[in-house]
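Morning, everyone. I'll take you through one structure, starting with a helix pair. Please have the viewer open.

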Amino acid sequence: MTALPFVGVRPRATRALRRLPAAEASERRLKRNVGLIWGLLVLNVLSFSTGVSVIPIPGSAGKVITQGALSLAVLLALMQNPRGKFRPNVFLLLLTLLALETVVTVLTVGPVKGTYYRTFRMLEFVAVLWLLSPYWNRADMLLVRCHMKAMLWVVITVVLGIMVDPNRALNGGRLQDIIWPIASTQVAHYAAVSIGIAAIMWFCGQLRGKVALWYVVVATGVLLLTHTRTALVAMLVALLFGGLSLIATPRVRRLFGVVGGATVVAFAAFSSAITSWMARGEGTTQLTNLTGRTNFWGPLLAFPRTTFQEIFGFGLSNGSFDGLPVDSNWILSYQDQGLFGVVMCAVILLYVLILACLQSRGMRRALALFLVIYCIVASFTEDGITNPSTYMLDVTVAASLLLPAATRRQA
């Protein structure tokens with residue numbers, strides 16, 4: 001009789017031990033699936049420049065790969081979250097309103113080349129973000145790590161391109177990716193975001209010093225070789241605010257002191273070289289008109305439009321006007337989504353920024369501040385915050401860090 005309780009307990013303990021590996025395997029599978037879905041979202045927004053890659057990829061094949069990545073991401077997100085569980089939040093509601101506005105616009109204004117297709121892809125993009133919402137703000141910051149890995153893979157392909165054919169990679173004096181053909185400005189964006197995330201994670205002791213050093217050194221080299229001022233300035237401003245939010249940390253205070261002193265010395269000793277790099281051989285006129293960007297912003301704003309088009313725009317476009325890239329989030333938002341899009345973009349950025357400022361001091365707040373301030377600074381000469389792009393993913397990661405802590409078990 002005395003052995004009966006022992007006999008009754010032992011199978012339960014055995015079952016618990018058997019469940020533990022299964023739970024760990026399930027967690028690893030979840031991380032792998034979410035990482036793959038996020039990587040597909042990043043692949044979907046990568047540009048593809050025909051004839052640049054050292055790999056003979058036809059232009060049609062490149063477009064199929066990037067555009068097909070989004071459909072595959074939708075499928076995998078539905079498989080990962082088959083019950084369609086969501087974490088409702090203001091940020092995703094704002095993105096959904098923006099997506100629905102594009103539907104109303106295209107149905108009212110009528111089809112412009114590619115608008116129906118781009119509108120459908122916008123809806124797919126937002127749907128994937130909703131399906132991934134149960135995994136926002138996990139204790140392991142899963143989305144941040146997925147985003148950082150995706151940025152790192154792009155930087156690695158850029159470095160491989162330099163090794164394979166340095167002359168082609170540095171064509172025109174600005175580094176571009178020749179493995180997967182990406183323009184210099186986009187390469188700079190990925191490098192700058194990688195630097196900021198790695199630096200803040202090191203500030204908070206979440207990344208080992210040697211690993212962070214490799215991240216920063218390699219990505220900084222790539223960023224400087226792109227000669228992209230927007231990404232550099234946006235990264236420095238964003239990193240300053242993100243770092244200041246952690247100023248109570250001794251490591252951050254020491255680093256800020258060292259960097260401040262080094263910056264003064266560098267400007268004193270190499271001011272002419274720094275000025276020359278920033279000028280990129282451009283004259284005063286080119287600098288004041290933002291390398292020709294502002295020359296056609298005036299005609300774009302003066303383009304005749306009805307009251308409806310002024311409020312809601314012409315529908316999602318390829319980001320160009322009269323054959324030239326708009327290269328301003330605010331101007332492009334007005335062109336595609338009207339005053340409604342401009343206001344929504346401002347509301348989204350201000351909402352995430354204010355929410356970050358209201359958070360308690362820590363790594364999540366610092367990372368969110370870095371990402372949203374980077375996007376705000378870059379938005380004046382880069383576009384993409386109000387349509388599927390890497391910038392939208394940056395802001396999404398920032399917003400995901402600011403939700404109330406998620407429970408351990410997810411959908």
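Start with α7 and α15: their crossing is right-handed. Right-handed here means that the near helix is turned clockwise from the far one by less than a right angle, and left-handed means anticlockwise. Helix numbers run from the N terminus; helices are DSSP runs of H or I of at least four residues, and strands are E runs of at least two.

Before going on, the ground rules. This is a predicted model, with residues numbered from 1 along each chain as its sequence is written. Local features need pLDDT of at least 70, side-chain atom pairs count only at pLDDT 80 or more, totals for chains, interfaces and linings use all residues, and side-chain values use heavy atoms, with hydrogens and water left out.

Back to the pair. Helix α15 covers residues 363-378, and α7 packs on it at an angle of about 160°, axes 10 Å apart. Axes are lines fitted to C-alpha atoms, for helices over the stretch in contact, with angles from 0 to 180 degrees between N-to-C directions. So α7 is roughly antiparallel to α15. The cut-offs: under 35 degrees is roughly parallel, over 145 roughly antiparallel, 65 to 115 roughly perpendicular, the rest oblique.

Who makes the contact? From α7, Ala188, His189, Ala192, Val193, Gly196, Ile197, Ile200 and Met201; from α15, Met363, Ala366, Leu367, Phe370, Leu371 and Tyr374. Contact means heavy atoms within 4.5 Å. By class, that is 12 nonpolar, two polar and no charged residues. Ala, Val, Leu, Ile, Met, Phe, Trp, Tyr, Cys and Pro count as nonpolar; Asp, Glu, Lys and Arg as charged; the others, Gly among them, as polar.

Next, α7 against α16. Helix α7 spans residues 184-203, its axis comes within 11 Å of the α16 axis, and the two cross at roughly 15°. They are therefore roughly parallel to each other. This crossing is left-handed. On the α7 side, the contact uses Gln186, His189, Tyr190 and Val193; on the α16 side, Thr390, Tyr391 and Asp394. Those residues divide into three nonpolar, three polar and one charged.

Stay on α16, residues 390-400, and go to Ser400. Is Ser400 buried or exposed? Buried, because its relative accessible area is 2%. Buried means under 20%, exposed over 50%, partly exposed in between, using a 1.4 Å probe and protein chains only. The Ser400 side chain reaches the backbone oxygen of Val397 at 2.7 Å. Leaving out residues up to four places away in sequence, Ser400 touches Trp136, Asn137 and Leu143.

Met141 is not a glycine, yet its phi is positive, near 50°. Met141 sits in the loop between α4 (115-132) and α5 (142-164). At 5% relative accessibility, Met141 is buried. The other is Asp327, also a non-glycine, with a positive phi of about 55°. Look for Asp327 in the loop between β2 (324-325) and α14 (329-357).

Ile156 is partly exposed, because its relative accessibility is 32%. Its C-alpha lies 9.1 Å from that of Ala219, 63 residues away along the chain.

Finally, the whole chain. It has 16 helices and two strands. Of its 411 residues, 45% count as buried. Among contacts between residues at least 6 apart in sequence, 77% join residues at least 24 apart.

Notes
A polar contact is a pair of N or O atoms within 3.5 Å; within protein, one must be able to donate a hydrogen and the other to accept it, and residues adjacent in sequence count only if both atoms are side-chain atoms.
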